[in-house]
Amino acid sequence: MSHFQKRPVAVSLRLYRALARAFPYEFKNAYGEELVQVTEDAIEPIWQRHGVLGLVRLLADIAVRVPIEHLAELHQDVRYGLRMLAKSPGFTWVALVSLSLGIAIATCAYSEVNGLILRDLPGVPNPEELVALQAPTSYPNYKRYRERSDLFSSTLAYVAPVPFGVSLGGRTERIWGHLVTPSYFSTLDVRPALGQFFDQEQEQSGRAPVIVVSYRFWQEHLGADSSAVGKTLRINGQPCTVIGVGPRDFLGASPGFFVADVWMPVSVPAPIAPELADSALERRDLTMFQMVGRLKPGITADRGEAALDAVVRQMEQEFGDADREKGGRRVLLVPGGKVLPIRKQDRPYFTEVLMILGGLVLLIACSNAANMMLARAADRRREIAVRLSLGASRARLIRQLLTESMLVAAGAGVLGFILTVWLMHLASQMRMPYPMPVAFDLTPDWHALLFALGVTGLTGLAFGLVPALQATRTDLTPALKEGGNIQLRRHRRLSLRNGLMLCQMAGSLTLLLLTGFLGLGIQTTMGIQQGFDSRNLYLISLDPVRDGYSGSQAEVLFEKILERVKRLPSVTAATLTDAVPVAVGGNAGVIFTDAGAGEEKATQWARKHVVGKDYFETAGIPILLGRGFRKQDEANGATAIIVSQYLVRVYWTGQEVLGRRIEIGNDEASGGFGAVPGTFDFRAGVLGKKRHVFEVVGVAKDVAEDFIASKKHPAIYFPLHAVDYAQPSLSGLTLMVRGVPGVDVIGSVQREISATDANLTPFNTRSMTEQIAQFMSSLRGAAWTWNLIGAFGLILASVGLAGVTAYSVAQRGHEIGIRMALGAQKSDVLGLVMKESAVLVMAGTLIGMAFTWAGVRLMSGVFFSVASVKAFDPALLVGAPLLLASLALVACYVPARKSMRIDPAMALREG
Amino acid sequence: MTKRVGLDSFLPLKPHWFHVLLSLADQEQHGYGIMQEVLERTDGKVRLWPATLYGALKRLIDEELIEESDTRPAAELDDARRRYYRLTRLGRRVLAAESERLEDLVRVVDAKRRTRRAES
């Protein structure tokens, strides 16, 4: 045969030999050479008979065979692994449970991060192109931004949250939605499931109002009827036509805080949308419009931000704004396509706590499992040594041991993920104490599943690889020899297992302390005195404007209701109020200055509460100085206000209080809670630019202001004015009633309300106790979580320590036997074993304290905004390590006692 | 009785396995020899490719149907590089059982054919 003809054969043979090297070690050892030989003999006849096709077939045959053999070995390993795991149920169950809890907690942490921070707007394509203004703006400003078609392919503006009184089935339901520009849906690039969306024509005022409803609204309230388009719905007492249904899963541009089930154009007349009263679309001082823009390709968010900033500055110059010369950015852009619009640089701040704690728990669980694996592997040292000496490859043995750990990890991963789904489902149901329905979908999606898979794999490797490597690194001779397990250990040497144990102790202590701080902080909050008597106090919310009444009609109605309710025998006091104690306020605060103090006046800040004149009496808040509100104070132009005790203490110690005059505008009303969307009051009456002068007529006792009860805020109380009737806040106006104990006060009040006007729809009826409980519920849930995690870490650490000690005792049986034979007492032996454990515990405690200190510093930002934490609470700092140490030592003592019962004769014989 | 149960667990036998066992029925053989014997016996219709063959050999050894032979043939026939295989007792019985099963099948097919011919 010519060389040319032989070439394919030679090449094929070379390939074949290379492939044969890919077989698993054992197969290669046993049959590799022979296989190649046979092929060398057979390849010529095959080439002659079948040509190239025969060579291809030959190569295909081995190419398929190689993975099959590998899989067969894997299958063998898995069966062997399962058998080994079944033989030691104790280890298997403990490892499964602790790892699945660890994986569950880590995945929960990720799921929360994912659901809150990383999740994109549902139903919106290309969300990464969207940017939004961090703070709402005015409509004229928006119109200027809109003109920048060089930056944005499309923009939208909307008002949120907007409550709509929708007449459904005879009663008025409070449904939340947005007031939107016509470009809303086109900017978000969504298509209607039914009908159509708004178009430019709707911008012209005067036409019959049209609305779009969400898919779920259509399903729940319109019976998923395909003829729903064209139907008329009464909204805020006015008929509106449904022109379209939104796509499935789409709940608006900010479904986290501002879920939208109804969309109405901003061009509707004011009676339907009280938010738009007082020429809201023309005023520059009413900054209540959220804006979202879709960036053109090639335009970065930074460039957009800078350009918009320039627009604002130009407008300030044009209109001669007072602070046009002030420095600082006017415009900040955030990602508009995420459920929670947080800037990239701010994200770590939110994700830190969760991921750190989740990671810690997983670390502890892994250390535990690794330690147990090490112990098991050490037990099998002789078996492994024999197999190695008989020719088994180290790689194969490592793979076998790894398979076991991966099996445990896989089982734990499945259990852990199931647990995660359940826990996140519970968490998603937690109601937040906001006036509008805040809903975050925390259920794990495929991101979380991938994360769980990744974590599971890493876990299996983490706790399996090192023990596997260590076990197979055995120096064969001492392992094979009888008694080869003696290692007279000096406790100073840091073996791998001891190192892991230290890790675990330190991690557990850190976890315990950190979660303790968080939990303690919340406990402190919940236990604080509220500052008023919350018993027998009831709250009923009303929103006549959204039942179809005008502001003046509403005022008359309220007068009547209040009068009738006060006359009820079961009612001892009643008031109307906008603000309610212990609630997430509708506004953040006001900035005030001393009236007439000249240019150098100091600006001061206080929380604002708008209350009815009998508020203090009804709530049981004592007036410490001066008087409460009177009827005259509710007239337009009246200037009376009441301040809180704390405000006086902060700003006016030793000064005259009563009769003091202060000036209030709303330049940048801000405050701790203003950062949270939906707590900012956008009403014209509030945001109007006019500065007013007020006079202090009374001082009230302090009341718990928000989550951080021990952190006080200065507060100013304003009386209700006509504007509050015309434009009620998001929670409507609340009727607060103090009743006689043991009577159904709410029932009688509701009867009076319907007797006054059957069209009024009371909502959110609750007792003060329920209000407080609901307010605290999210905190309570958090406290529970922290405590649970801390306890879990504690248990894990104890179990781990017990295991290590038990193993140590078992291992040192021979040594102990010798010592006892040489005259050591039982107590000496016990002391020997306990000493080693005690050193580990102490070292772990020290390291844990150091980690805790670092952890607190890392998380201090989050800590102090969530709970009042006395940074180094002595009780916790001493108590926690003590608790952990004692538990750990007890855990060690039990197996250590076994060492005392070792029979020296048996021990010496067994080796 | 247990042996019967053991045999049944092997049936029906994979075709490749059957051919390998059949090759070793009369004599011990090495891998290449088995390949050739099967090829000739089936007139080229069945070719055991090397990797598949050795995969089968490995499994047959694991199942104790064949074993490596320690006796070598006569010097002039022997190839020192090669390993020889032979049937085990179990292997022989399994081969017999499979053959019987195949014979039964053929009998059934024959009977059916006769019936059809008789009917038509």
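How many salt bridges does the rule find across the interface of chain A and chain B?

Modeller: Before the answer, a word on the basis: this is a predicted model, in which local features need pLDDT of at least 70 and side-chain atom pairs count only at pLDDT 80 or more, while totals for chains, interfaces and linings use all residues. Residues are numbered from 1 along each chain as its sequence is written, chains are lettered from A and ligands numbered from 1 in the order in which they are written, and side-chain values use heavy atoms, with hydrogens and water left out.

Across the interface of chain A and chain B, the rule finds two salt bridges, a salt bridge being a side-chain nitrogen of Lys or Arg within 4 Å of a carboxyl oxygen of Asp or Glu. One of them links A:Glu69 with B:Arg59, and their closest N and O atoms are 3.0 Å apart. Helix H2 of chain A, residues 25-87, provides the largest share of the side of chain A that touches chain B, namely 22 residues; helices (H or I, at least four residues) are DSSP runs, numbered from the N terminus. Sorted by class, that side of chain A holds twelve nonpolar, four polar and seven charged residues, where Ala, Val, Leu, Ile, Met, Phe, Trp, Tyr, Cys and Pro count as nonpolar, Asp, Glu, Lys and Arg as charged, and the others, Gly among them, as polar.

The rule also finds seven residue pairs in polar contact across the interface of chain A and chain B, both residues being at pLDDT 80 or more. A polar contact is a pair of N or O atoms within 3.5 Å; within protein, one must be able to donate a hydrogen and the other to accept it, and residues adjacent in sequence count only if both atoms are side-chain atoms.

As for the extent of the interface, 23 residues from chain A and 20 residues from chain B take part in the contact, which is defined by heavy atoms within 4.5 Å. The area buried between chain A and chain B is about 2000 Å², and carbon and sulfur atoms give 56% of it. A:Tyr31, A:Glu34 and A:Val38 together supply 28% of the area that chain A buries against chain B, more than any other three residues. Buried area here is the accessible area (1.4 Å probe) that two parts lose on being put together, summed over both.

Note on methods: Helix = DSSP H or I, 4+ residues; strand = E, 2+ residues; numbered from the N terminus.
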